[in-house]
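This briefing covers the salt bridges of one protein structure. It looks at where the paired side chains sit.

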Amino acid sequence: MEILPSYEQAVTNPDWLDLAAGYVPVADWPRCCQVDRRFYSRFAPRLWQDPLVTIRRLGLHPNDDLAWYRRFINKHTKSARLKTRSYVRSLDFRHFASRASGLYSSEASERAISESFRHLPRIFPGLICLLVDGHPELNPESLAAASSASESLQLLDLARCRHELTSRLFSSDLFRGLVYLDISFIPGSVKTAVQSSLNPKSLPDLRVLRVAGREMDNWTASLLFQTFRRQLWSLDLSHNKLGDEILDEIVEHCISLFTYHTDAHFEKEGKLTLPKNVGSRKYGLFEFIEEPEISYRPHELEKYLADSPFYTQRADQTEPQEWQAVRPDGLAPLRRDDANTAKESLLYEALSGILGSFSFRGQPGLGSGGLTHLYLSGNKFTVSGVERLIRMSRGRLEHLECDSCLCAPTHIQLASQLKGMKILGFPGSAPLFRPVISSAIRSLRVHHSLVTQVPSVSIDGLSSTSAARLAEEKLFRNIRRAYPLSLVPDTNPRITSLTLTNIPARSTGPVIDQLVRFLELASAQQKAIRDARALFHGRASSVLRGLRHIRLELQPDLSDDRNAIAASDEVDFDKLLDPAEDDFSQDGSSFFGDDELFGITSRTKSTSKTSQAKPSDPAANSEGYRRWTSGRLKSYPYSDTDSEYITHYVDASDSWTNNFYSIPVWIGPGVIGPHAAVNEYMWNLQDPNLCTDVGPATPNHVAAGVPPLTYIFHRAWEAMVIPKSNDIREAAKSSTPFRDVAAAIKEYRLRTRGTEGHWDGKIELVRMG
């Protein structure tokens, strides 16, 4: 939303020099300052506003940084007038005299900059941006101890400072006007800082806060959320020690109460429906996505049209009321929250005296507010927790980062030699990013499995190459059966930027095939958008841009190192994974414990307490499933009913609304049908421990064969993803060759260049360290 100029600005004719100044090369600024006073008043602020960046653009070699800085501080600033020094609005040390460059010793860098650091606010009274990431030797405490400045800082980047910040640091007047604050990867407690000075009382204008890598736990995060509530619109919580419990508090305290979910676009997007006001603590409210009838669906290209403008019957009402929160139309540029954009925006406002197209203090207008940009990477979240966050955030998130989540299992014991299995990714989460749920989303940085449906797998004792083969040759097939829908560009044409993380450097085939398929679909979307612009020629400006930026972050190359346990000739993988295969129900109790996440198809043995559920049938095992070709299942729950539904009771302790309730759950007909996933789901239900985690059928379940608008046991469904008893053995023995992923993507891009199938958006291939 554009910010209107003041009346004086609107009626004043702009000076031609102001219009031309932005096009004058930096190298000519010093000479322009010498023309006359009028030119000086226009170009001196540009020359001095960000001196460390400007001098680099004027040709200063990094080898000469320290010598130039000493002359600048000790000579030039002492002879400059106060008004001239007030033109300095930003000091950006991030790429200046950095020790990381290898050009400077730590002692030389520390002496040159540290000696003047505490005096910077006094020397440059107009300073509003200070960025010192890359200079861990600088102590911000000395800034607070300096004499009060005439103007408060608005941007402060202290990331990776090695000095512990005192709890009262931000009570200084120097920081009172902060809009952007980065205190990531700094020693010290966030809790005491929040209780003392990191709060709205000391920082009333703060809108972007980065607290990554602070070893923050759930209690501290909860205190942070309750303290700032909806004041912030961007929050970085990456690389802390946070779990699923905190995600509900983000929604409760930090997300706007006004929803973007609407039925107005039902014909092209579907709508959310809540037949019963019930839910579970794990899933959230049991909302379904109701799809429109095919006969009522609009022209295929209409999905690329932006939302219509807001209209009102009142001539004096130009903005929606609080209760009329209107979702973004998808046409505005992606709102960025990085330090460079913040600095650019703040310097533009300081130079021109006019607020930019949006202010970093937040967009104007009612019905907005609260978090829209959220960073969750590097924590202890599970897929179910992040999915619940997305469903319950009322469509308000515009940018989301979560590079990996524990998909399954929460805990699994294979044997003493294979201590654990972890499956990471978002293989079944794609429908959550449709506009009907993620109404404002514009940018994503997520695990690649959202697109490829190949999770990241690790098993203690199993080589990385064998784990990669297991993921691509076994789990990929299981996931495609259980969750047929992956993220494609047309899942949400409002998404303009997508970053896929943790992509393996080498693939046996599925990862490459899925990434190439995604690029082909991006090309198809590009062509469809062009057709839409031609078809709706009168509304060409209202057509969405679609996906324009793809970043692929590749992991380091695979290691072929194996230890003794991973040698396939020395390990009986069937015995390790299924030590009780010959005596499935010897003790008469269920094979799986109460707190085991997955069951029959995981083929694992539980060491937890005895289940209170009904005993499972001895026939309910994977070998029996392969032999099941006809006839109705005779074990519970099919032995107790002829219906396709059973009544399931949910305790108040597990209920989202804290009320006891019953709900009809679909168990299927109990006979073999055309859908492989449904057949395995019905078989899994014979284990009572899998008859839990009730939830609504998602579009993925419906695509796999579940009737729409029905409730199912999600745990029984998720169980089919886990590898069966012989899969790890086969993966360890497999010799399927690997192909280089980056080379395959480059080959595809070269092959399509100059053809209609070439996607002309920006694609980045980055090999991570």
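The points below take the salt bridges of this predicted model by topic.

The count of salt bridges comes to 32.

**Arginine 38 and aspartate 15**
- The side chains of arginine 38 and aspartate 15 form a salt bridge, with N to O at 2.8 Å.
- Arginine 38 belongs to helix α4 (residues 37-48) and aspartate 15 to the loop between α1 (7-11) and α2 (16-21), so the bridge ties together parts 23 residues apart in sequence.
- Arginine 38 is partly exposed, at 33% relative accessibility.

**Aspartate 50 and lysine 343**
- Aspartate 50 and lysine 343 meet through their side chains in a salt bridge of 2.8 Å, N to O.
- Because aspartate 50 is in the loop between α4 and α5 (51-57) and lysine 343 is in helix α15 (residues 339-352), the pair ties together parts that are 293 residues apart in sequence.
- Aspartate 50 is buried at 6% relative accessible area, and lysine 343 is buried at 9% relative accessibility.

**Glutamate 291 and arginine 434**
- A salt bridge links glutamate 291 with arginine 434, whose closest N and O atoms are 2.8 Å apart.
- Glutamate 291 lies in the loop between β10 (288-290) and α15, and arginine 434 in the loop between β14 (421-424) and β15 (443-447), so parts 143 residues apart in sequence are tied together.
- Glutamate 291 is partly exposed, with a relative accessible area of 34%, whereas arginine 434 is buried at 17%.

**Network**
- Salt bridges link Glu401, Arg445, Arg551, Glu553 and Glu764 in a network.

Definitions and conventions: Residues are numbered from 1 along each chain as its sequence is written. This is a predicted model: local features need pLDDT of at least 70, side-chain atom pairs count only at pLDDT 80 or more; totals for chains, interfaces and linings use all residues. Side-chain values use heavy atoms; hydrogens and water are left out. A salt bridge is a side-chain nitrogen of Lys or Arg within 4 Å of a carboxyl oxygen of Asp or Glu. Helices (H or I, at least four residues) and strands (E, at least two) are DSSP runs, numbered from the N terminus. Buried means under 20% relative accessible area, exposed over 50%, partly exposed in between (1.4 Å probe, protein chains only).
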